[in-house]
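Please keep the sequence and the structure in view while reading.

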Amino acid sequence: MRKPVNQKMKLETATFGAGCFWCVEAVFLQLEGVHEVVSGYTGGTTVNPTYQAVCMGMTGHAEVVQIQFDPTVISYEELLEVLWHTHDATTLNRQGADVGTQYRSAIFYHTEEQRQIAERSKADMDTSDMWDDPIVTEITPIDTFYPAEDYHQNYFQLNATQPYCQFVIHPKMRKFTKDFKDKLKND
């Protein structure tokens with residue numbers, strides 16, 4: 001969902017993998033200061049991967065979202081906080097029933113500052129009492145980002161009655177909106 005951008009505003013980019021990109025996109029689209037969320041693929045070897053190839057685990061890519069955000073409204077640290085609280089960062093290559101390297105927990109950093117913030121945030125989360133198991137989230141530099149096919153964009157918003165949305169995304173969104181109500185858009 002794209003909003004008009006003030007020319008004086010300098011947006012930054014964050015890229016996260018946390019399971020199915022439909023779920024992750026639905027969460028981050030709701031945050032104040034987020035201007036755009038694009039579902040896509042990164043971290044693999046195939047040029048211009050397709051959803052089918054990624055889902056079959058043939059490309060090495062992760063399903064990710066690329067987020068354009070205004071750091072004067074929401075910080076990278078706050079985005080990471082949402083990431084940690086909206087997926088299981090302790091399961092290798094799995095989120096719920098979605099299994100495979102394409103569903104891995106990953107932070108793809110765009111700058112050295114993002115790498116440092118992500119490493120510190122991961123270490124803080126790993127020593128917290130949030131999970132019993134260690135965090136397996138990879139932190140790697142962003143490579144080429146490939147936007148997913150058009151029918152994946154704004155998926156939850158456009159397909160809320162689909163069974164996957166009803167049984168997987170809706171419960172996640174209820175918990176997210178309760179836990180992060182102070183960070184949600186007002187519109």
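Across which strands does helix α1 lie? Helix α1 (residues 21-28) lies across β1, β2 and β3 and runs at about 165° to β2. The model is a predicted one, in which local features need pLDDT of at least 70 and side-chain atom pairs count only at pLDDT 80 or more, whereas totals for chains, interfaces and linings use all residues. Residues are numbered from 1 along each chain as its sequence is written, and side-chain values use heavy atoms, with hydrogens and water left out. Helices (H or I, at least four residues) and strands (E, at least two) are DSSP runs numbered from the N terminus. Contact means heavy atoms within 4.5 Å; axes are lines fitted to C-alpha atoms, for helices over the stretch in contact, and angles run from 0 to 180 degrees between N-to-C directions. Helix α3 (residues 76-85) lies across β1, β2, β3 and β6 (105-109), at about 15° to β1.

The sheet itself is open and has 6 strands in the order β7-β6-β1-β3-β2-β8, with mixed pairing. Its edge strands are β7 (138-141) and β8, each of which pairs on one side only. Two strands count as paired if DSSP finds at least two bridges between them. β2 pairs with β3 (residues 62-69) in the antiparallel sense over 8 bridges, and glutamate 36 stands opposite glutamine 68 in β3. Strand β8 (residues 146-147) is joined to β2 by 2 bridges, also antiparallel; here tyrosine 41 stands opposite tyrosine 146. β3 in turn pairs with β1 (residues 12-18) through 5 antiparallel bridges, with threonine 15 opposite glutamine 66.

The whole structure contains 4 salt bridges, each a side-chain nitrogen of Lys or Arg within 4 Å of a carboxyl oxygen of Asp or Glu. In one of them, lysine 183 meets glutamate 78 with the closest N and O atoms 3.0 Å apart. Lysine 183 lies in the segment after α6 (163-179) and glutamate 78 in helix α3, so the pair ties together parts that are 105 residues apart in sequence. Lysine 183 is buried at 14% relative accessibility, whereas glutamate 78 is partly exposed at 23%. Another salt bridge joins arginine 115 and glutamate 112 at 2.5 Å between the closest N and O atoms; both lie in helix α4 (residues 112-127), 3 residues apart, about one turn of the helix.

Technical notes
Buried means under 20% relative accessible area, exposed over 50%, partly exposed in between (1.4 Å probe, protein chains only).
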